[in-house]
Amino acid sequence: MSKIKFDLEIKFGSQYGKEEEEAVLKVLRNNAPTSGDECIAFENQFAAYTGAKHARVVNNGTSALFLSMIGIGLKPGERVLTTPVTWIATAAAPVTLGAEVDFVDIDPVTHNLDPNQIEDKLTPNTRAVIPVHLYGQPCEMDEIMALSRKHNFAVVEDAAHAIGAEYKGKKVGTIGATGCFSFHEQKNISTLGEGGIVLTNDDEIFERISLYRSHCTRVHGVSTKYCSLDTENSRSGKNSGGRISMTAVTTSG
């Protein structure tokens with residue numbers, strides 16, 4: 001079998017040593033549970049580092065974007081705006097849910113989405129804008145958030161390349177409705193080649209993302225993977241569409 005031409009040659013986050021080996025072995029010795037205690041610990045640490053209220057780990061950055069679209073309540077036929085200079089996943093996430101995607105041109109200096117061109121692309125059906133912090137360079141979030149408030153659309157930050165980047169004293173990924181990060185081997189942090197996380201300060205969005213991450217399953221008791229059933233509402237017949245108790249403790253920003 002011939003080698004793939006132009007395969008990835010730079011793997012920024014894939015520098016593993018004894019510490020990483022021990023961490024992997026610790027999980028294996030605990031039978032490698034999905035969404036186990038190590039995931040919860042990482043979520044809490046990442047939330048504390050960024051100043052976000054909530055963090056939820058996922059299998060990759062694409063899933064982070066997809067779940068963010070579900071989290072904001074994106075519906076088929078609604079429009080999402082983003083930049084043409086990005087990885088395909090940015091546009092694919094809303095398209096998979098039946099949304100229409102249009103592109104806003106970039107700033108010729110930063111190569112990030114140009115906020116001055118957003119309004120020309122807006123329609124009454126525009127539900128969200130996805131700015132991409134390209135190569136760790138933050139977008140002009142003040143202008144984008146001002147337009148969000150004026151025209152009532154959600155902002156989902158694609159911060160796949162921007163772990164640790166700051167915009168005016170705030171970590172990127174904590175400014176919009178959600179922030180999406182990737183731990184692919186090309187990123188500056190990698191979790192064995194793939195991984196991702198979603199940040200949000202919105203309780204309802206966090207609840208929806210957590211629920212859909214695990215097949216909308218609710219359980220009695222405490223689980224590190226599933227949402228806990230609100231037994232009080234269940235007994236009173238109010239559980240349908242009601243609140244869900246989350247078992248993971250997250251760090252307030």
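Colleague: What is the relative accessibility of F42?
Modeller: F42 comes out at 27%, so F42 counts as partly exposed. Buried is under 20% relative accessible area, exposed is over 50%, and partly exposed is in between, with a 1.4 Å probe and protein chains only. The model is predicted, so local features need pLDDT of at least 70 and side-chain atom pairs pLDDT 80 or more, while totals for chains, interfaces and linings use all residues. Residues are numbered from 1 along each chain as its sequence is written, and side-chain values use heavy atoms, without hydrogens or water.

Colleague: How many aromatic pairs are there?
Modeller: Four. The F42 and F183 rings are edge-to-face, with centres 5.6 Å apart and planes at 70°. Ring centres (Phe, Tyr, or the six-membered ring of Trp) must lie within 6.5 Å; planes under 30 degrees apart are stacked, over 60 edge-to-face, the rest tilted.

Colleague: Which parts does that pair tie together?
Modeller: Helix α2 (residues 37-50), which holds F42, and the loop between β8 (178-182) and β9, which holds F183; they are 141 residues apart in sequence. Helices (H or I, at least four residues) and strands (E, at least two) are DSSP runs, numbered from the N terminus.

Colleague: And what about F46 with F183?
Modeller: Edge-to-face too, 6.0 Å between centres and 75° between planes. F46 is also in α2, so this pair spans 137 residues of sequence. F46 is buried at 5%, and F183 is buried at 1%.

Colleague: Which residues make up the ring cluster?
Modeller: F42, F46, F181 and F183.

Colleague: New topic. How many residues of β1 are buried?
Modeller: Five of five, over residues 54-58. H54, R56 and V58 point one way, A55 and V57 the other.
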